[in-house]
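Hi there,

Here is the structure I promised to pass on to you. Please have it open while you read, and my notes on it come just after.

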Amino acid sequence: MRLAGISEPRDRVDAGRTAVILAVVGTVITVASEAYGIVVGLPDHTVPDLIWTSLALVPVVAAGVTADRAPNLLPGVAYLAFPLAAIAALAFVDLNSDRAGAAAQVGLLYGVVFAGIHLPAGGAWLVAAAALVADAVVVLTALEPADALRDLAVVGTAIVVLTSVLVRGAGYREAMLERLRVLASADPLTGLATRRVLTEHAESVLGPAGARPMVRSASPTREGTGLVLVDLDGFKALNDSYGHPVGDAALMHVARILKSRARLGDTVARIGGDEFAILLPGAEPADVRRWARMLQKAVRRSPLPHGDGLIALSLTAGVAHAGPDGLTLEDLYRVADRELYAAKRGEACAADADGDADGDADGDGGADGDDVS
């Protein structure tokens with residue numbers, strides 16, 4: 001059994017917060033109970049017991065504080081060791097004081113609760129088994145056999161039921177979170193990536209938003225990252241003439257074309273309405289412009305079937321390119337958006353409806369020769 005598969009918590013930060021709460025609260029209650037027994041003169045509560053109890057629980061509190069303050073510095077196995085150490089410490093306290101009452105046994109549930117909430121099912125059940133063994137040792141040592149078996153049956157059932165409920169609940173929450181992540185990462189109409197996913201992928205190849213990049217002139221031989229923005233031409237008129245279901249069908253039709261032309265590693269996203277974005281890592285400026293023209297031609301050559309006829313579709317595009325020095329998606333978007341709306345106004349653009357830039361003699365489609373990098 002690989003420990004990583006049963007010890008890595010679902011969320012280290014959340015696990016650290018729970019660890020410190022359980023460690024501090026459990027320690028305070030245990031030590032206070034021991035001190036109270038000394039104050040009121042209970043015969044089985046002594047100062048040495050209080051000292052041993054405090055010393056045994058110090059490592060547990062230290063582990064909880066570390067998990068809370070530096071959750072990502074600990075190895076995954078530490079999150080399995082924490083509830084096991086808590087159970088061992090409390091069992092030591094119970095054996096040292098020769099007590100096995102309800103208060104003593106309930107303390108063993110702290111580790112079970114932590115594991116059931118935060119650890120994978122394998123880790124949670126391992127901790128539950130450790131708690132059962134610890135409880136058996138405590139009650140069989142401190143109680144008469146009949147009483148020990150009775151308490152072990154009651155507490156053992158509680159441990160099993162509690163672990164089962166927590167594991168099932170954690171699994172359900174994890175499945176729901178995964179479902180939400182999927183829904184948040186895919187546009188519900190087209191199935192393309194969302195703006196959030198586009199931003200994450202851009203940060204992975206460009207770096208996170210931070211220092212402002214410089215704007216330099218285009219370098220036709222330099223690889224980098226390209227961004228293509230495209231709008232579906234006449235989308236409002238299409239909705240007005242044929243209805244919104246046909247407009248939705250047109251968006252899905254264009255999305256399929258864009259997706260089918262994407263390279264491995266490209267990100268195709270719908271970023272709102274009839275606007276799409278394609279992130280092209282490892283591309284030169286000329287490649288990005290050619291790719292935009294190819295998309296426009298592909299859409300023009302694939303009209304949307306409707307009834308017994310076809311509806312012609314076309315795209316307007318704007319492009320931007322980032323050199324290998326790094327910049328933000330925001331700057332790429334700004335330049336591509338500027339070209340897109342210049343194209344809509346009929347000005348020089350990256351890729352116009354004919355596949356060639358107006359007034360661009362060399363055919364590279366540059367609106368103003370700028371390259372963001």
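This is a predicted model: local features need pLDDT of at least 70, side-chain atom pairs count only at pLDDT 80 or more; totals for chains, interfaces and linings use all residues.

The chain has 373 residues, 44% of them buried, and its secondary structure comprises 13 helices and 8 strands. If you take the contacts between residues at least 6 apart in sequence, 73% of them join residues at least 24 apart.

Next, two helix pairs. In general, a pair of packed helices is described by the angle between the axes and the distance between them.

Start with helix H2 (residues 12-40) and helix H3 (residues 47-69). Their axes come within 8 Å and cross at roughly 170 degrees. An angle over 145 degrees counts as roughly antiparallel, so that is how H2 runs relative to H3. The residues that form this contact are 14 nonpolar, 6 polar and 5 charged.

Now move along to helix H7 (residues 121-142) and helix H8 (residues 145-185). Here the axes come within 10 Å, again with a crossing of roughly 170 degrees. H7 is therefore roughly antiparallel to H8, and the crossing of the two is right-handed. By type, the contact of H7 with H8 divides into 15 nonpolar, 3 polar and 2 charged residues.

Finally, have a look at Thr 190, which sits in the loop between H8 and helix H9 (195-206). Is Thr 190 buried or exposed? Its relative accessibility is 16%, and because the cut-off for buried is under 20%, Thr 190 counts as buried.

What does the side chain of Thr 190 make a polar contact with? One partner is the side chain of Asp 187, at 2.7 Å. A polar atom of the Thr 190 side chain also lies 3.2 Å from the backbone nitrogen of Leu 192. Leaving aside residues up to four places away in sequence, Thr 190 touches Leu 251, Met 252, Ala 255, Arg 270 and Phe 276. So that you can find the spot again: look for Thr 190 in the loop between H8 and H9, with Asp 187 as its side-chain partner.

Definitions and conventions: Residues are numbered from 1 along each chain as its sequence is written. Side-chain values use heavy atoms; hydrogens and water are left out. Axes are lines fitted to C-alpha atoms, for helices over the stretch in contact, and angles run from 0 to 180 degrees between N-to-C directions. Helices (H or I, at least four residues) and strands (E, at least two) are DSSP runs, numbered from the N terminus. Angles under 35 degrees count as roughly parallel, over 145 as roughly antiparallel, 65 to 115 as roughly perpendicular and the rest as oblique. A crossing is left-handed if the near helix is turned anticlockwise from the far one by less than a right angle, and right-handed if clockwise. Ala, Val, Leu, Ile, Met, Phe, Trp, Tyr, Cys and Pro count as nonpolar, Asp, Glu, Lys and Arg as charged, and the others, Gly among them, as polar. Buried means under 20% relative accessible area, exposed over 50%, partly exposed in between (1.4 Å probe, protein chains only). A polar contact is a pair of N or O atoms within 3.5 Å; within protein, one must be able to donate a hydrogen and the other to accept it, and residues adjacent in sequence count only if both atoms are side-chain atoms. Contact means heavy atoms within 4.5 Å.
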